[in-house]
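Colleague: I would like to go through the aromatic contacts with you. Could we begin with the terms?

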Amino acid sequence: CFGFPLSIFLIIVNEFCERFSYYGMKAVLTLYFTRFLHWNDNFATAIYHTFVALCYLTPILGAVMADSWLGKFKTILYLSIIYAIGQVVLSVGSINDLTDHNQDGSPDNIAVNIALSMIGLILIGLGTGGIKPCVAAFGGDQFEEEQEKQRGIFFSLYYLSVNAGSLLSTIITPTIRASQCGIHTKQECYPLAFGVPAILMVVSLVVFVIGSKMYKKVKPQGNVMLEVSKCVGFAIKNRFRHRSKKFPKREHWLDWASEKYDKRLIAQTKMVLRVLFLYIPLPMFWAVFDQQGSRWTLQATAMSGDFGFQIQPDQMQIVNPILIVIMVPVVNYLVYPLIKKCKLNFTPLKKMTVGMFFGSMAFVAAALLQVQIDKTYPVFPAAGQTQIKLINLGDVPARVQFQPQLQSVDVAPNEETGYMLFETSKLQSLHITSGTLNETKPLELQKGQRYTVPFKWDSMEIKSDLIWDNITSKPESGKSLVRFINNLSFPVNVTMGDMDFGLLDPFFVSNYSEVPKPDKTYIISASAPLFYCKVESKKFGYGGGYTISIDNCVESILNIKYFEDMAPNTVHMAWQIPQYFLLTCGEVMFSVTGLEFSYSQAPSNMKAVLQAGWLLAVAVGNIIVIIVAGASTIKKQWAEYVLFAALLFVVCIIFAIMASFYTYIDPNEIEAQFSKEEKEEDKKDRDDNEKEAEADSRM
């Protein structure tokens, strides 16, 4: 079809579906851990990066299976089946109603959900990692030698399908996740957010199987990684056997493998090891890069995503692929040519060093942004402390004295104070004076808690109440919380949209409830026999907390008053774009250049070894994050960002020093020299054989 084997179109569709499945699932994974499984940020980050590390360790296993045992087709087929099963298991594990027998909205046995989720992720890690090194190579196998041009176009289409799947899924699955679904209670829709990627993975598998009879299936020819490993292992073992001084030294320690392996393989291995040595500092870059899906997503949950339309925190990851599409041509066709015109020797290793520096600066930007976010966080009481807020629901000003003689506060009509901090043991009562009346209210307080005291002057008395707020942090879901207080003289039933706050007696306060869609408005209604009033709410925003008083009704319009218990997120998500820009600049200069450099410095038949080393560096980078998240005692998130920035900067300097000692080579020249020597040896062998044959004939 258009000069291409028909099978490659199936491979491209297969890759698009698989990448959509992987990136779509991965985009919502961190919030799934924190909001559904209720893990803390550090543990969620550690498990997320454990999963990513698994995804980058298993490609080595997949490559060995394909090249030494099953072949690429069967490896892709079998591991895709495991992959699809894993996606389905993860989706089932995220069903809230699976063990919610009492239908209260929370799983009765969360261990079942956790077990299924972990099994699903392990299967996905084996599947996606195992097929990673096989699919592109399998597509390349479908072409004949004379179809070099078509093969090049295929790889362009292949990587286009990878980016298209990543881009679309990062938009779609967070949107699905933010929607409401459930049998008994409506909550964030993780089953569908994981279910859509599962369906795409099944489609990917079906599409791949459809082309089974069309594919050219190359038989396993042995894995070069195993050969290199055996060569290195034999050299080390042989050197250890001959460690005595009576054995002469050899030019290179790998030369101790010459008793078993030919000179060409040893020389190729030397070239590869020179490059792999430079890989040693690289994991630190990946340690910062892969935190886009963990720490940076969690950072976005404390920010405002109002762009005129609502952006979800896990959708901010889309900035990276969008910037990649823009930055790659800009850097390649504008920045690098300008540097070349300035006659600067901007070698690949220098580009990689600059890329690491950009990565470090990205985390400096993230730290500066985190400082601004921290300023917007509410201050909650520490152990031994209590916070109290006063709300005057009456039309008469009041003065409140905190006893014994701590401080006095004046509260205007229909106004509130902020939360005031007290030592719990020192605060015993409140003395309220309003109009001609006064009242002393004893306080029974728990340490480390917040309380609200609503009060009002009534002609005969001062009504007041002590309400435990039961909030010690921002809402875990990232949404806003609302509650109602009935400031009428009779009981009313209060609803807001589909939320029913029940029958509220006069001066009674409801419990907090989450606003399902904080960027939308709702109809608030209060009803009683022969009484019905309603009003449209404001948009609550994300991360806030509100007490709404039901005051009165005029011509069926409900009069309400908003009291802000906790400010919504105000720092805009757009402020994350600079750190994404810096990190993407780093990726373009580090990752793209790194692979090009690696392949230019090693023989063509050793590219698989370098790819394995590159993927291993990514895995080790994620393991670094696991260690820091699990073992770090750093309390402030900005300080952790500074730590990673400093570590990467130090590694950047080390890499620059290592790079300065590196001598660039041309593997093709070395290969050509070996080929020439082998031809000369073959010719010599033939001449010797001819001479022997001639001598034999004379005899």
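Modeller: Buried means under 20% relative accessible area, exposed over 50%, and partly exposed in between (1.4 Å probe, protein chains only). This is a predicted model, in which local features need pLDDT of at least 70, side-chain atom pairs count only at pLDDT 80 or more, and totals for chains, interfaces and linings use all residues. Residues are numbered from 1 along each chain as its sequence is written, and side-chain values use heavy atoms, with hydrogens and water left out.

Colleague: How many aromatic pairs does the structure hold?

Modeller: There are 38 aromatic pairs. Rings of Phe, Tyr and Trp (its six-membered ring) pair if their centres lie within 6.5 Å; planes under 30 degrees apart count as stacked, over 60 as edge-to-face and the rest as tilted.

Colleague: Why is the pair of Tyr22 and Tyr23 edge-to-face?

Modeller: Their planes stand at 75°, so the pair is edge-to-face, with ring centres 5.1 Å apart. Tyr22 counts as buried because its relative accessibility is 2%, whereas Tyr23, at 24%, counts as partly exposed.

Colleague: And how far apart are the ring centres of Phe540 and Tyr562?

Modeller: The centres are 6.2 Å apart, and the planes lie at 65°, so this pair is also edge-to-face.

Colleague: Is Phe540 buried or exposed?

Modeller: Phe540 counts as buried, at 1% relative accessibility. Tyr562 counts as partly exposed, at 24%.

Colleague: Changing topic, which residues do ring pairs link into a cluster?

Modeller: The cluster is made up of Tyr32, Phe33, Phe36, Trp39, Phe43, Tyr190 and Phe194.
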